[in-house]
Amino acid sequence: MKKLTCILITCLIAMSFAARAQQTTDAMYRKTLKDVLDEVQEKYHIKIKYTVAQVEGKWVNYAQWRFRPDVDTTLANILTPLDLKVNKEAPGRYKLKEYEYFRWAVSDGWKELDRIATQYHDMDTWEQRKATLKPQLYKALELSPLPSKPASKPIITPKRTYDGYTVENIAIEILPGLYINGSLYKPSKIKGKIPVILSPDGHWEHQRYRADCQIRCASLARMGAMAYSYDLFAWGESLLQFKDEDHRRSLAQTIQALGAIRILDYVLSLKETDPERVGVSGGSGGGSHTVLMTAMDDRIKLSAPVVSVSSYFYGGCPCESGMPIHQCGNGTDNVELAAMAAPRPQLLISDGQDWTANMPEHDFPYLQKMYGYYGATDKVQNVHLPNEGHDFGPSKRAALYAFIAKNFHLDINKIKDSKGNFDDQKVTIEKEPAMYVFGDKGEKLPANAIKGFEQLEKVFAQATKK
């Protein structure tokens, strides 16, 4: 009996010591992010580039418990709770970045598009899906119902005449006191009804005043179409009413969509416009806008998004993804929205140095399948330029000209020289002030013009009040 008692006492003492020696979760096994990243680099023999500001004051809870046999899973476990991520720049080399809601891993984007595509299998089921998505897009943008159109007439500057085309600047009031500005390029001689191409700007420097933007619109006019080049919200001449930072507010996406709708109203009111030949083509953020407007507005008969469409990139600016359009229909993406153009002609231009680099591998075959539902696979095209980057350069413009000439029956030879090369020399590159509607210093801005984002919010709320 004494021996048994001694054994029990010994066991209890041992258990007591063991309990005291056990780790506890009181401190959540915390380590600084810097220490954890340094440990990851040493353990997996990799290099992670980061700044002091990125890691300063950040801690990782349960740090050791986040490690796994492979480095990518380990980094995801460590960084995701901190809204951080890494970009893999080369084998064994990573760069720390803020979490980007709009940029997914390629495989994740492809899997999501595949999931989306399980909801339809022929034209009838796809048309049902479109019928679900379209009204939800308007609702997500808070444009259901559309606000009333102001009764004011467009403000139009005197016409400038150049070699084969003319230009006039136009401001359209889309809400009380809110103006969207642009330049309308027309052929010098117009006979009968002609096409019109909306040309929304992207996020490049110098806005729609850039030489490549002027060349594109002037060339389309010289081919025989009208081209309307217009500002993004709080971009270009819109900065007379708003600050730079207002462009990165969610409402920017709504205002841009409403602006395009009102521009369509205007150009379709012109006696020379052929309503069966209305197109839209923008690059980068203007390409996202191109896809959205084509999905929303059946008046658009042709679209050409440039360096923009991808199943794993949703648009890095709030003017592309600020409103919950991608939550419509239990989840959608820009490739499915592009498919809503079918069977209308669509050209997607991609390159090898941005998020469109994988377009030919997965996203374009999906679009071909969708157009195939209508027996119209020839109506969707992809021009992929693997050695080029994120721009709207000469080869991208050439592809656009050819696509529009083919589908809208225009003479592309009007913009070529005797050797068959595109001749940009006949386009006059205007200085920026020549393209202003409201004067060199904004002195002609109407008296009722909204001044500031807070006032815009009030006007929008009143205009959309049900």
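The model is predicted. An unreviewed UniProt entry lists residues 259-308 as "domain: Acetyl xylan esterase". Helix H8 (residues 251-267) and helix H14 (residues 453-463) come within 12 Å, axis to axis.

**Annotated span**
- Residues 259-308 are 42% helix and 20% strand.
- The C-alpha atoms at the ends of this span lie 20 Å apart.

**Helices H8 and H14**
- Two packed helices are described by the angle and the distance between their axes.
- The axes of H8 and H14 cross at roughly 60°, and the two helices are therefore oblique to each other.
- Their crossing is left-handed.
- Leu251, Thr254 and Ile255 of H8 meet Phe453, Leu456 and Phe460 of H14.
- The residues of this contact comprise five nonpolar, one polar and no charged.

**Cis peptide bonds**
- Ser144 and Pro145 are joined by a cis peptide bond, with omega about 0°.
- Pro145 sits in the loop between helix H6 (123-140) and strand S6 (155-156).
- Ala342 and Pro343 are also joined by a cis peptide bond, with omega about 5°.
- Pro343 sits in the loop between helix H11 (334-339) and strand S14 (346-351).

**Positive phi in residues other than glycine**
- Tyr62 has a positive phi, near 50°, and lies in the loop between strand S3 (59-60) and helix H4 (71-79).
- Tyr62 counts as partly exposed because its relative accessibility is 31%.
- Asn330 has a positive phi of about 65° and lies in the loop between helix H10 (318-321) and H11.
- Asn330 counts as exposed because its relative accessibility is 63%.

How values were computed:
Residues numbered from 1 in each chain as written. Predicted model: local features only at pLDDT ≥ 70, side-chain atom pairs only at ≥ 80, totals over all residues. Heavy atoms only, no water. UniProt positions renumbered as here; feature names shortened; annotations may be inferred. Helix = DSSP H or I, 4+ residues; strand = E, 2+ residues; numbered from the N terminus. Axes fitted to C-alpha atoms, helices over the stretch in contact; angles between N-to-C directions. Parallel < 35°, antiparallel > 145°, perpendicular 65-115°, else oblique. Left-handed = near helix turned anticlockwise from the far one by under 90°. Contact = heavy atoms within 4.5 Å. Nonpolar A, V, L, I, M, F, W, Y, C, P; charged D, E, K, R; others polar. Buried < 20%, exposed > 50% of the residue type's maximum accessible area, 1.4 Å probe, protein only.
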